Number of protein chains: 2
Amino acid sequence: MQLLEERIRKEGEVIPPDILKVSSFLNHQIDIGLLDKMAEEFKRLFDPAKVTKILTLEASGIAIAASVARLYGVPMVFAKKGKTSNVNDSVYSSQIWSFTHNKEYTAIVSKKFITKDDFVLIIDDFLANGAALKGLVDIVQQAQANLVGAGIAIEKTFQDGGANLRKQGIKIESLAMIESMSVDAGITFKR
Amino acid sequence: MQLLEERIRKEGEVIPPDILKVSSFLNHQIDIGLLDKMAEEFKRLFDPAKVTKILTLEASGIAIAASVARLYGVPMVFAKKGKTSNVNDSVYSSQIWSFTHNKEYTAIVSKKFITKDDFVLIIDDFLANGAALKGLVDIVQQAQANLVGAGIAIEKTFQDGGANLRKQGIKIESLAMIESMSVDAGITFKR
(Lines give C-alpha, C1' and ligand atoms only; values in the text may rest on other atoms or scores of the structure.)
Protein backbone atom coordinates (compact mmCIF):
# COMPACT_ATOMS: atom_id res chain seq x y z
CA MET A 1 0.00 0.00 0.00
CA GLN A 2 1.75 3.04 -1.33
CA LEU A 3 0.35 5.56 1.14
CA LEU A 4 1.59 3.52 4.11
CA GLU A 5 4.99 2.87 2.53
CA GLU A 6 5.43 6.60 1.96
CA ARG A 7 4.65 7.36 5.61
CA ILE A 8 7.06 4.67 6.79
CA ARG A 9 9.79 6.02 4.52
CA LYS A 10 9.16 9.60 5.65
CA GLU A 11 8.56 9.13 9.39
CA GLY A 12 9.80 5.63 10.29
CA GLU A 13 12.87 5.44 12.49
CA VAL A 14 15.19 2.44 12.16
CA ILE A 15 16.80 1.37 15.42
CA PRO A 16 19.43 -1.33 14.80
CA PRO A 17 19.32 -4.23 14.59
CA ASP A 18 15.66 -4.73 13.77
CA ILE A 19 13.33 -2.19 15.41
CA LEU A 20 11.22 0.15 13.26
CA LYS A 21 9.58 2.98 15.20
CA VAL A 22 6.42 4.39 13.65
CA SER A 23 5.31 6.31 16.73
CA SER A 24 4.20 9.40 14.82
CA PHE A 25 1.26 7.76 13.01
CA LEU A 26 0.75 4.12 14.03
CA ASN A 27 1.51 3.20 17.62
CA HIS A 28 1.77 6.19 19.91
CA GLN A 29 0.33 9.11 17.96
CA ILE A 30 -2.31 7.75 15.60
CA ASP A 31 -3.39 9.12 12.22
CA ILE A 32 -7.00 7.95 12.07
CA GLY A 33 -7.44 8.98 8.42
CA LEU A 34 -4.55 6.71 7.44
CA LEU A 35 -5.94 3.87 9.55
CA ASP A 36 -9.33 4.15 7.83
CA LYS A 37 -7.65 3.89 4.42
CA MET A 38 -5.68 0.87 5.65
CA ALA A 39 -8.95 -0.69 6.83
CA GLU A 40 -10.46 -0.25 3.34
CA GLU A 41 -7.43 -1.99 1.86
CA PHE A 42 -7.75 -4.89 4.30
CA LYS A 43 -11.41 -5.26 3.39
CA ARG A 44 -10.57 -5.30 -0.32
CA LEU A 45 -7.87 -7.94 0.24
CA PHE A 46 -10.09 -10.26 2.28
CA ASP A 47 -13.34 -9.81 0.32
CA PRO A 48 -15.60 -11.66 -0.15
CA ALA A 49 -14.80 -13.60 3.02
CA LYS A 50 -17.46 -13.69 5.71
CA VAL A 51 -16.23 -11.97 8.89
CA THR A 52 -18.14 -11.85 12.17
CA LYS A 53 -15.40 -10.66 14.52
CA ILE A 54 -12.14 -8.73 14.44
CA LEU A 55 -9.47 -9.91 16.91
CA THR A 56 -6.37 -7.96 17.90
CA LEU A 57 -3.92 -7.62 20.79
CA GLU A 58 -3.66 -4.64 23.12
CA ALA A 59 -2.51 -1.93 22.82
CA SER A 60 -1.22 -0.88 19.43
CA GLY A 61 -3.51 -3.11 17.36
CA ILE A 62 -6.69 -1.62 18.85
CA ALA A 63 -7.06 1.53 16.73
CA ILE A 64 -6.52 -0.27 13.40
CA ALA A 65 -8.77 -3.14 14.43
CA ALA A 66 -11.50 -0.62 15.35
CA SER A 67 -11.35 0.91 11.85
CA VAL A 68 -11.64 -2.55 10.25
CA ALA A 69 -14.50 -3.59 12.56
CA ARG A 70 -16.41 -0.41 11.58
CA LEU A 71 -16.16 -1.31 7.88
CA TYR A 72 -17.39 -4.86 8.45
CA GLY A 73 -20.04 -3.74 10.96
CA VAL A 74 -18.92 -6.38 13.47
CA PRO A 75 -17.55 -6.29 17.04
CA MET A 76 -13.84 -6.01 17.75
CA VAL A 77 -12.23 -8.02 20.53
CA PHE A 78 -8.81 -7.23 21.90
CA ALA A 79 -6.77 -9.89 23.69
CA LYS A 80 -5.51 -8.59 27.02
CA LYS A 81 -1.92 -8.99 28.08
CA GLY A 82 -1.91 -10.46 31.54
CA LYS A 83 -0.21 -12.78 33.92
CA THR A 84 -0.69 -16.52 33.86
CA SER A 85 -2.25 -16.12 37.32
CA ASN A 86 -5.22 -14.37 35.63
CA VAL A 87 -6.00 -17.45 33.56
CA ASN A 88 -9.09 -19.46 34.54
CA ASP A 89 -11.85 -21.57 33.02
CA SER A 90 -13.69 -18.61 31.55
CA VAL A 91 -10.88 -17.52 29.20
CA TYR A 92 -8.75 -18.73 26.30
CA SER A 93 -5.08 -17.94 26.79
CA SER A 94 -1.79 -18.31 24.98
CA GLN A 95 1.79 -17.70 26.07
CA ILE A 96 3.60 -15.16 23.90
CA TRP A 97 7.29 -14.34 23.97
CA SER A 98 7.95 -10.63 23.41
CA PHE A 99 11.26 -10.18 21.60
CA THR A 100 10.88 -6.40 22.02
CA HIS A 101 10.62 -6.57 25.80
CA ASN A 102 12.51 -9.84 26.25
CA LYS A 103 9.86 -11.44 28.41
CA GLU A 104 6.87 -13.72 28.22
CA TYR A 105 3.28 -12.62 28.72
CA THR A 106 -0.12 -14.27 28.45
CA ALA A 107 -2.71 -13.17 25.89
CA ILE A 108 -6.20 -13.63 27.32
CA VAL A 109 -9.64 -13.60 25.64
CA SER A 110 -12.92 -14.30 27.40
CA LYS A 111 -14.66 -17.41 26.04
CA LYS A 112 -17.84 -15.35 25.79
CA PHE A 113 -16.49 -13.25 22.94
CA ILE A 114 -15.16 -15.82 20.46
CA THR A 115 -17.20 -18.91 19.75
CA LYS A 116 -17.17 -21.74 17.21
CA ASP A 117 -19.73 -19.86 15.11
CA ASP A 118 -17.39 -16.90 14.58
CA PHE A 119 -15.43 -16.06 11.43
CA VAL A 120 -12.41 -14.25 12.84
CA LEU A 121 -10.17 -11.81 11.02
CA ILE A 122 -7.04 -11.03 13.05
CA ILE A 123 -5.62 -7.50 12.69
CA ASP A 124 -2.27 -6.34 14.09
CA ASP A 125 0.25 -3.57 13.57
CA PHE A 126 3.45 -5.62 13.15
CA LEU A 127 4.50 -9.10 12.04
CA ALA A 128 8.15 -10.05 12.54
CA ASN A 129 8.99 -13.36 14.22
CA GLY A 130 5.28 -14.14 14.44
CA ALA A 131 5.04 -14.79 18.18
CA ALA A 132 2.04 -12.50 18.77
CA LEU A 133 0.17 -13.69 15.67
CA LYS A 134 0.79 -17.35 16.58
CA GLY A 135 -0.73 -16.64 20.00
CA LEU A 136 -3.85 -15.06 18.48
CA VAL A 137 -4.22 -17.95 15.99
CA ASP A 138 -3.89 -20.35 18.92
CA ILE A 139 -6.76 -18.58 20.71
CA VAL A 140 -8.99 -18.75 17.58
CA GLN A 141 -8.24 -22.47 17.32
CA GLN A 142 -8.97 -23.08 21.01
CA ALA A 143 -12.36 -21.44 20.41
CA GLN A 144 -12.86 -23.75 17.38
CA ALA A 145 -13.78 -20.62 15.45
CA ASN A 146 -13.17 -20.16 11.72
CA LEU A 147 -9.95 -18.28 11.01
CA VAL A 148 -10.43 -15.97 8.00
CA GLY A 149 -6.82 -14.80 8.07
CA ALA A 150 -4.61 -12.05 9.39
CA GLY A 151 -4.28 -8.46 8.19
CA ILE A 152 -0.99 -6.86 9.19
CA ALA A 153 0.03 -3.22 8.79
CA ILE A 154 3.79 -3.75 8.58
CA GLU A 155 5.54 -7.08 8.01
CA LYS A 156 9.29 -7.47 8.29
CA THR A 157 9.87 -10.20 5.72
CA PHE A 158 13.53 -10.50 6.75
CA GLN A 159 12.23 -12.21 9.89
CA ASP A 160 10.50 -15.54 9.38
CA GLY A 161 7.16 -15.26 11.22
CA GLY A 162 5.09 -14.54 8.11
CA ALA A 163 6.71 -17.29 6.03
CA ASN A 164 6.19 -19.89 8.77
CA LEU A 165 2.54 -19.01 9.34
CA ARG A 166 1.77 -18.93 5.60
CA LYS A 167 3.26 -22.45 5.32
CA GLN A 168 0.58 -23.55 7.79
CA GLY A 169 -2.03 -22.35 5.29
CA ILE A 170 -2.93 -19.12 7.06
CA LYS A 171 -3.91 -16.28 4.72
CA ILE A 172 -1.84 -13.25 5.70
CA GLU A 173 -2.12 -9.88 3.97
CA SER A 174 0.43 -7.23 4.91
CA LEU A 175 0.04 -3.63 3.71
CA ALA A 176 3.77 -2.85 3.80
CA MET A 177 6.43 -5.57 3.56
CA ILE A 178 9.91 -4.56 4.62
CA GLU A 179 12.58 -6.64 2.92
CA SER A 180 15.53 -4.89 4.53
CA MET A 181 16.26 -1.80 6.58
CA SER A 182 19.24 0.00 8.00
CA VAL A 183 20.05 3.49 9.24
CA ASP A 184 22.38 4.11 6.28
CA ALA A 185 20.66 2.36 3.39
CA GLY A 186 17.11 3.14 4.53
CA ILE A 187 14.11 0.88 3.98
CA THR A 188 13.51 -1.46 1.04
CA PHE A 189 9.97 -2.72 0.45
CA LYS A 190 9.11 -6.06 -1.15
CA ARG A 191 7.04 -5.81 -4.34
CA MET B 1 -26.59 9.35 27.32
CA GLN B 2 -29.54 7.02 27.26
CA LEU B 3 -28.12 4.49 24.78
CA LEU B 4 -25.03 3.95 26.95
CA GLU B 5 -27.03 3.77 30.19
CA GLU B 6 -29.27 1.11 28.65
CA ARG B 7 -26.25 -0.99 27.63
CA ILE B 8 -24.71 -0.65 31.10
CA ARG B 9 -28.00 -1.67 32.72
CA LYS B 10 -28.40 -4.65 30.37
CA GLU B 11 -24.83 -5.94 30.14
CA GLY B 12 -22.85 -4.35 32.99
CA GLU B 13 -21.75 -6.65 35.75
CA VAL B 14 -21.34 -5.27 39.27
CA ILE B 15 -18.51 -6.85 41.24
CA PRO B 16 -18.56 -5.68 44.87
CA PRO B 17 -17.44 -3.37 46.27
CA ASP B 18 -16.95 -0.99 43.36
CA ILE B 19 -16.01 -2.70 40.07
CA LEU B 20 -18.31 -2.43 37.05
CA LYS B 21 -17.44 -4.80 34.21
CA VAL B 22 -18.52 -3.66 30.77
CA SER B 23 -16.42 -6.18 28.87
CA SER B 24 -19.08 -7.02 26.32
CA PHE B 25 -19.14 -3.60 24.63
CA LEU B 26 -16.54 -1.20 26.04
CA ASN B 27 -13.28 -2.68 27.21
CA HIS B 28 -12.68 -6.20 25.94
CA GLN B 29 -15.21 -6.73 23.19
CA ILE B 30 -15.94 -3.36 21.57
CA ASP B 31 -19.17 -2.18 19.92
CA ILE B 32 -17.80 0.33 17.39
CA GLY B 33 -21.27 1.61 16.44
CA LEU B 34 -21.91 2.55 20.08
CA LEU B 35 -18.47 4.19 20.35
CA ASP B 36 -19.17 6.32 17.28
CA LYS B 37 -22.44 7.53 18.82
CA MET B 38 -20.61 8.29 22.07
CA ALA B 39 -18.03 10.27 20.08
CA GLU B 40 -20.80 12.37 18.52
CA GLU B 41 -22.14 13.11 22.00
CA PHE B 42 -18.68 14.15 23.25
CA LYS B 43 -18.33 16.49 20.26
CA ARG B 44 -21.72 18.03 20.95
CA LEU B 45 -20.84 18.53 24.63
CA PHE B 46 -17.48 20.18 23.94
CA ASP B 47 -18.48 22.26 20.90
CA PRO B 48 -17.47 24.85 19.88
CA ALA B 49 -14.10 24.33 21.60
CA LYS B 50 -11.04 24.16 19.38
CA VAL B 51 -9.40 20.73 19.62
CA THR B 52 -6.11 19.79 17.95
CA LYS B 53 -5.35 16.53 19.73
CA ILE B 54 -7.13 13.72 21.54
CA LEU B 55 -5.22 12.17 24.47
CA THR B 56 -6.04 8.88 26.14
CA LEU B 57 -4.37 6.08 28.10
CA GLU B 58 -3.74 2.58 26.82
CA ALA B 59 -5.46 0.20 26.42
CA SER B 60 -9.19 0.60 26.96
CA GLY B 61 -9.37 4.31 26.10
CA ILE B 62 -7.90 3.83 22.63
CA ALA B 63 -10.98 2.74 20.67
CA ILE B 64 -13.22 5.54 22.03
CA ALA B 65 -10.48 8.12 21.56
CA ALA B 66 -10.05 6.97 17.95
CA SER B 67 -13.76 7.55 17.27
CA VAL B 68 -13.55 11.06 18.76
CA ALA B 69 -10.34 11.90 16.85
CA ARG B 70 -12.05 10.86 13.59
CA LEU B 71 -14.92 13.31 14.22
CA TYR B 72 -12.54 16.20 14.98
CA GLY B 73 -10.17 15.23 12.15
CA VAL B 74 -7.17 15.41 14.50
CA PRO B 75 -4.50 12.93 15.67
CA MET B 76 -5.02 10.75 18.72
CA VAL B 77 -2.18 10.12 21.16
CA PHE B 78 -2.27 7.35 23.73
CA ALA B 79 -0.12 7.51 26.84
CA LYS B 80 1.83 4.30 27.30
CA LYS B 81 1.95 2.49 30.60
CA GLY B 82 5.55 1.80 31.39
CA LYS B 83 8.16 1.56 34.06
CA THR B 84 9.88 4.57 35.53
CA SER B 85 13.08 3.18 34.02
CA ASN B 86 11.66 4.04 30.56
CA VAL B 87 11.43 7.73 31.47
CA ASN B 88 13.98 10.05 29.85
CA ASP B 89 14.34 13.61 28.56
CA SER B 90 12.29 12.97 25.44
CA VAL B 91 9.04 12.15 27.27
CA TYR B 92 6.50 13.59 29.69
CA SER B 93 5.57 11.17 32.44
CA SER B 94 3.30 10.92 35.43
CA GLN B 95 3.01 8.35 38.21
CA ILE B 96 -0.45 6.80 38.45
CA TRP B 97 -1.75 4.55 41.22
CA SER B 98 -4.02 1.81 39.87
CA PHE B 99 -6.67 0.94 42.45
CA THR B 100 -7.86 -1.89 40.20
CA HIS B 101 -4.45 -3.59 40.10
CA ASN B 102 -3.16 -2.22 43.40
CA LYS B 103 0.12 -0.98 41.98
CA GLU B 104 1.75 2.10 40.56
CA TYR B 105 2.67 2.59 36.92
CA THR B 106 4.07 5.43 34.85
CA ALA B 107 2.09 7.05 32.02
CA ILE B 108 4.47 8.19 29.29
CA VAL B 109 3.94 10.52 26.30
CA SER B 110 6.63 11.58 23.85
CA LYS B 111 7.30 15.33 23.92
CA LYS B 112 7.03 15.30 20.14
CA PHE B 113 3.30 14.62 20.19
CA ILE B 114 1.93 17.21 22.63
CA THR B 115 3.22 20.76 22.46
CA LYS B 116 2.25 24.14 23.89
CA ASP B 117 0.31 24.92 20.70
CA ASP B 118 -2.05 21.98 21.21
CA PHE B 119 -5.65 22.12 22.43
CA VAL B 120 -6.03 18.76 24.10
CA LEU B 121 -9.25 16.89 24.76
CA ILE B 122 -8.71 13.92 27.07
CA ILE B 123 -10.92 10.87 26.50
CA ASP B 124 -11.12 7.83 28.79
CA ASP B 125 -13.45 4.94 29.52
CA PHE B 126 -13.80 5.30 33.32
CA LEU B 127 -13.51 7.98 35.98
CA ALA B 128 -13.66 6.85 39.61
CA ASN B 129 -11.02 8.09 42.04
CA GLY B 130 -9.48 10.16 39.25
CA ALA B 131 -5.91 8.84 39.43
CA ALA B 132 -5.59 8.14 35.69
CA LEU B 133 -7.23 11.42 34.66
CA LYS B 134 -5.02 13.39 37.08
CA GLY B 135 -1.99 11.78 35.45
CA LEU B 136 -3.14 12.75 31.94
CA VAL B 137 -3.93 16.32 33.07
CA ASP B 138 -0.45 16.46 34.62
CA ILE B 139 1.08 15.49 31.26
CA VAL B 140 -0.93 18.17 29.40
CA GLN B 141 0.26 20.74 31.97
CA GLN B 142 3.91 19.64 31.67
CA ALA B 143 3.59 20.19 27.92
CA GLN B 144 2.11 23.67 28.63
CA ALA B 145 -0.65 22.72 26.21
CA ASN B 146 -4.23 24.03 26.47
CA LEU B 147 -6.53 21.61 28.26
CA VAL B 148 -9.98 21.63 26.64
CA GLY B 149 -11.41 19.16 29.13
CA ALA B 150 -12.05 15.48 29.64
CA GLY B 151 -14.73 13.29 28.08
CA ILE B 152 -15.47 10.17 30.11
CA ALA B 153 -17.65 7.24 29.11
CA ILE B 154 -18.62 6.10 32.62
CA GLU B 155 -18.14 8.09 35.81
CA LYS B 156 -18.75 6.61 39.24
CA THR B 157 -19.92 9.69 41.09
CA PHE B 158 -19.90 7.80 44.41
CA GLN B 159 -16.11 8.02 44.18
CA ASP B 160 -14.63 11.51 44.39
CA GLY B 161 -12.28 11.81 41.40
CA GLY B 162 -14.69 13.76 39.22
CA ALA B 163 -15.72 16.16 42.00
CA ASN B 164 -12.09 16.91 42.92
CA LEU B 165 -11.01 17.58 39.35
CA ARG B 166 -14.06 19.76 38.60
CA LYS B 167 -13.15 21.84 41.68
CA GLN B 168 -9.84 22.58 39.97
CA GLY B 169 -11.81 24.09 37.09
CA ILE B 170 -11.44 21.19 34.68
CA LYS B 171 -14.43 20.71 32.37
CA ILE B 172 -15.46 17.06 32.61
CA GLU B 173 -18.34 15.58 30.62
CA SER B 174 -19.37 12.01 31.45
CA LEU B 175 -21.87 10.14 29.29
CA ALA B 176 -23.12 7.88 32.07
CA MET B 177 -22.89 8.86 35.74
CA ILE B 178 -23.35 6.06 38.23
CA GLU B 179 -24.62 7.31 41.57
CA SER B 180 -24.79 3.91 43.23
CA MET B 181 -24.55 0.26 42.28
CA SER B 182 -24.92 -3.10 43.95
CA VAL B 183 -25.61 -6.65 42.90
CA ASP B 184 -29.03 -6.63 44.54
CA ALA B 185 -30.29 -3.10 43.93
CA GLY B 186 -28.71 -2.73 40.49
CA ILE B 187 -27.39 0.52 39.06
CA THR B 188 -28.72 4.03 39.69
CA PHE B 189 -27.72 6.80 37.30
CA LYS B 190 -27.43 10.46 38.26
CA ARG B 191 -29.74 12.78 36.32
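Start at the boundary of the two chains: between chain B and chain A there are 14 residue pairs in polar contact, both at pLDDT 80 or more (a pair of N or O atoms within 3.5 Å, one able to donate a hydrogen and the other to accept it, with residues adjacent in sequence counted only if both atoms are side-chain atoms). This is a predicted model, where local features need pLDDT of at least 70, side-chain atom pairs count only at pLDDT 80 or more, and totals for chains, interfaces and linings use all residues. Residues are numbered from 1 along each chain as its sequence is written, chains are lettered from A in the order in which they are written, and side-chain values use heavy atoms, without hydrogens and water.

Next, select the chain B side. Helix 3 (62–72) of chain B is among the elements that each supply at least two residues to the side touching chain A, and helix 3 gives the most, with 6 residues. (Helices are DSSP runs of H or I, at least four residues, numbered from the N terminus.) By class, that side has 15 nonpolar, 8 polar and 9 charged residues.

Now zoom in on A:Arg70, which forms a salt bridge with B:Asp36, closest N and O atoms 2.6 Å apart. The rule (a side-chain nitrogen of Lys or Arg within 4 Å of a carboxyl oxygen of Asp or Glu) finds 2 salt bridges across this interface.

Zoom back out and show both chains: the contact (heavy atoms within 4.5 Å) takes 32 residues from chain B and 32 residues from chain A.

Note on methods
Ala, Val, Leu, Ile, Met, Phe, Trp, Tyr, Cys and Pro count as nonpolar, Asp, Glu, Lys and Arg as charged, and the others, Gly among them, as polar.
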